[in-house]
Amino acid sequence: MTDANDRLQPPERLVRTLSARQGSAGDAARDWLAALPGRALHYLERWELTPERVQRPGGRASMVVLVRQSDDTQAALKLGLLDEETAQEHAALTQWNGWGAARLLRADPEGGALLLERLHGDVSLRSLPDPKAMLEAAATLQRLWVNPEEAHRFASVADRTAALADAVREHRERPWAADAEAVIDEALELRDALVADAPGDALLHGDYHQGNVLAGDRVPWLAIDPKPLVGERAYDLARLVRDRSETLLASSGAASAARRRISKLADSLEVDRDRLRGWSHFRTTEAALRRLSQGHRQQGELLLEFADLL
């Protein structure tokens, strides 16, 4: 008979991603991975859930177990490795209450456990043609942009990007970044200017892209996996700008196409084009340097090329 823990082993992608972390963060991640099957079993018993299977290939910082509740309704048990970006995921999902995002059914925030409505994990907006996907992405994101509750504990765009900017400055001194100094310096200058006069504070998803919008039964499309924060809306669109960047870079007139994408998104959601362009440049450059620092040279170089187009 198969042991329950054997059926609750983390997916290979999660193991590979977390095992690659270095230093004390890597030690903590590996300890968390080792305890994950037992943690999953704990919540299955505590919340009276019947497991169907672990979702694969799954995410890079969490494991999702497809389950049935005691009344036989479908749900998804998400067990995440908590950090400063994900610690308030439950709070954002609670405030949205199913409006534009997966509905939160139960939560143990300290344990990193969330019980969510079941979506179609293998059908994201990336299954649609890009123009249609962008229209649906914009419509869904607009529902998430609400005023945060007065006593919220979400980080600000300024605070989160301060840490990212520090990492960018460190990466700039690496030998592999020598050819990208102009792009990096522009990204840092843009970030400083943007946070100096940022307009308004909305509740933001924080990691919004086509792959984080899944098909649902209650409504056609719902967002998942927020890394919530508060700040200006242009920041939240910046990750979406670089969706399918490999395809765009392979086309003729890539620079014009990238700028048209920014203009269309800015116009459809009434954000300033220049600010969207600035955040897109900074977030793409930061992601590129992070990929390069992790040894993902091809991905990093493609992202740097895309940032240089903006």
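1. Buried here means under 20% relative accessible area. The model is predicted. By that cut-off, helix α7, residues 233–241, is mostly covered, with 8 of its 9 residues buried. The buried residues of α7 are Ala 234, Tyr 235, Asp 236, Leu 237, Ala 238, Arg 239, Leu 240 and Val 241.

2. Arg 275 sits in helix α10. Its relative accessibility is 13%, so Arg 275 counts as buried. Beyond its neighbours within four places in sequence, Arg 275 is in contact with Leu 194, Asp 197, Ala 198, Pro 199, Glu 232 and Ala 234. Ala 234, one of these partners, is also among the buried residues of α7.

3. The side chain of Arg 275 makes a polar contact with the side chain of Asp 197, at 3.0 Å.

4. Now the helix pair. Helix α9 (residues 254–269) packs against helix α10 (residues 273–293) at an angle of about 125°, and their axes are 9 Å apart. At that angle, α9 is oblique to α10. The crossing of α9 past α10 is right-handed.

5. Which residues meet where α9 packs on α10? From α9 come Ile 262, Ser 263, Leu 265, Ala 266 and Asp 267. From α10 come Arg 273, Leu 276 and Arg 277. By class, this contact has 4 nonpolar, 1 polar and 3 charged residues.

Conventions: Residues are numbered from 1 along each chain as its sequence is written. This is a predicted model: local features need pLDDT of at least 70, side-chain atom pairs count only at pLDDT 80 or more; totals for chains, interfaces and linings use all residues. Side-chain values use heavy atoms; hydrogens and water are left out. Axes are lines fitted to C-alpha atoms, for helices over the stretch in contact, and angles run from 0 to 180 degrees between N-to-C directions. Helices (H or I, at least four residues) and strands (E, at least two) are DSSP runs, numbered from the N terminus. Angles under 35 degrees count as roughly parallel, over 145 as roughly antiparallel, 65 to 115 as roughly perpendicular and the rest as oblique. A crossing is left-handed if the near helix is turned anticlockwise from the far one by less than a right angle, and right-handed if clockwise. Contact means heavy atoms within 4.5 Å. Ala, Val, Leu, Ile, Met, Phe, Trp, Tyr, Cys and Pro count as nonpolar, Asp, Glu, Lys and Arg as charged, and the others, Gly among them, as polar. Buried means under 20% relative accessible area, exposed over 50%, partly exposed in between (1.4 Å probe, protein chains only). A polar contact is a pair of N or O atoms within 3.5 Å; within protein, one must be able to donate a hydrogen and the other to accept it, and residues adjacent in sequence count only if both atoms are side-chain atoms.
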